[in-house]
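Thanks for coming. I will walk through one model, beginning with a helix and ending at a metal site.

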Amino acid sequence: MALVFPAPAVPTVPVDGGGEFPVRRIFCVGRNYTEHAREMGHDPDREDPFFFTKPADTIVLDGATIPHPSMTSNLHHEIELVVAIGKGGRDIPEAEALDHVFGYAVGVDLTRRDLQNEAKKLGRPWDMGKGFDDSAPIGPITRADPAKPLDQGDIWIKVNGETRQSSDVSKLIWSTPEVIAYLSRYVALAPGDLIYTGTPEGVGKVGPGDEMHGHIAGLHDLRIRIAA
Ligand code: MN
C-alpha cells in the first residue's frame, strides 16, 4: 500500500565504536534520587517508581544548539543516566535485567517546570511539561560491559561552567535492574527503547545562550546549547 507521504526517519543515537542505535520509545522515571524527591516536595520513602514518556523524535544529539522551547518561562535541566535497551521482554526478572541493556548514555530530561507544576496542581497529564520538541538531549551510547554494571560513579551537570547538579549514580533509589523489572510489567520493552532513570537534586533554570555540559563517569560527555 502506498504511503500518502514519506514515513518519518527513525531517530538514531551514535554508538561508541560505530553504528547507530535506532530509538523506538523514551521512558522516564520520576523521583529516583532522595534529595531530588525532597526538593520537589515529596517523601522519598521508596514509593514505587512511576513512569512518563517522551516521543522518540524529541532526542537531541551531543553538540547541538536547540531553540528555547515555547510556552515556558522556567525551563529546567535534569541530568540523568540513560539506559538503552537492546533486547526486549515483558515481566523481566531483576536478576536478568542487565542482559536486556545494550548500553548507557548521558541524558538531560529537559522540563518546562511551570507547565509541569500546573499539570500536577490540576491533576492533568505531564506531556506538555515533559514531552515537547527537543526535550531529550542524549550523548553517544557506550556499550554495556556485562562484567561492569554501571551502578556507581559521578553524575553532574554544569551550566556555563558552573556546577548545578552533582551526585553519584549509586544514589539511585531504584537501580537499573529494578527499573527495568518494574517497567516491563507495565509494557513489553523492545530493542530501541531508552529509559531516562531520574535526576539528582539541584535542578534549575536554563535560558537563551546557556550551555549545558553533562557528565557520568565512564560515558561520553554531553554538551547542548540553547540558542541566544
Ligand atoms: Mn527527570
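A residue is called buried under 20% relative accessible area, exposed over 50% and partly exposed in between, with a 1.4 Å probe and protein chains only. The model is a predicted one: local features need pLDDT of at least 70, side-chain atom pairs count only at pLDDT 80 or more, and totals for chains, interfaces and linings use all residues. Residues are numbered from 1 along each chain as its sequence is written, and side-chain values use heavy atoms, with hydrogens and water left out.

Helices (H or I, at least four residues) and strands (E, at least two) are DSSP runs, numbered from the N terminus. In α2, the buried residues are Arg113, Gln116 and Ala119. Viewed down the axis of α2, they fall within an arc of 125 degrees, so they line one face of the helix. That arc is taken over the directions from the helix axis to the C-beta atoms. As background, an α-helix has 3.6 residues a turn, so residues three or four places apart point the same way. With contact meaning heavy atoms within 4.5 Å, the buried residues of α2 pack against β7, β10 and α3. After α2 comes Gly123, with a positive phi near 65 degrees.

Next, the sheet. Two strands pair if DSSP finds at least two bridges between them. An open sheet of 3 strands has the order β10-β7-β16, with antiparallel pairing. β10 and β16 (204–205) are at the edges with a single partner strand each, so one side of each has no neighbour in the sheet. Between β7 and β16 there are 2 bridges, and His76 has Lys205 in β16 as its bridge partner.

Now the rings. Rings of Phe, Tyr and Trp (its six-membered ring) pair if their centres lie within 6.5 Å; planes under 30 degrees apart are stacked, over 60 edge-to-face, and the rest tilted. The count is 5 aromatic pairs. For Phe52 and Trp126 the centres are 5.5 Å apart and the planes at 55 degrees, so this pair is tilted. Phe52 is in strand β4 and Trp126 in the loop between α2 and α3, 74 residues apart. Both Phe52 and Trp126 are buried.

Last, the metal. Donors are N, O and S atoms within 2.8 Å of the metal (3.2 Å for Na, K and Ca); water is not among the atoms, so sites may look incomplete. Glu78 (OE), Glu80 (OE) and Asp109 (OD) are the protein donors of the manganese ion, at 2.0 to 2.2 Å. Glu78 and Asp109 are 31 residues apart, and both are buried.
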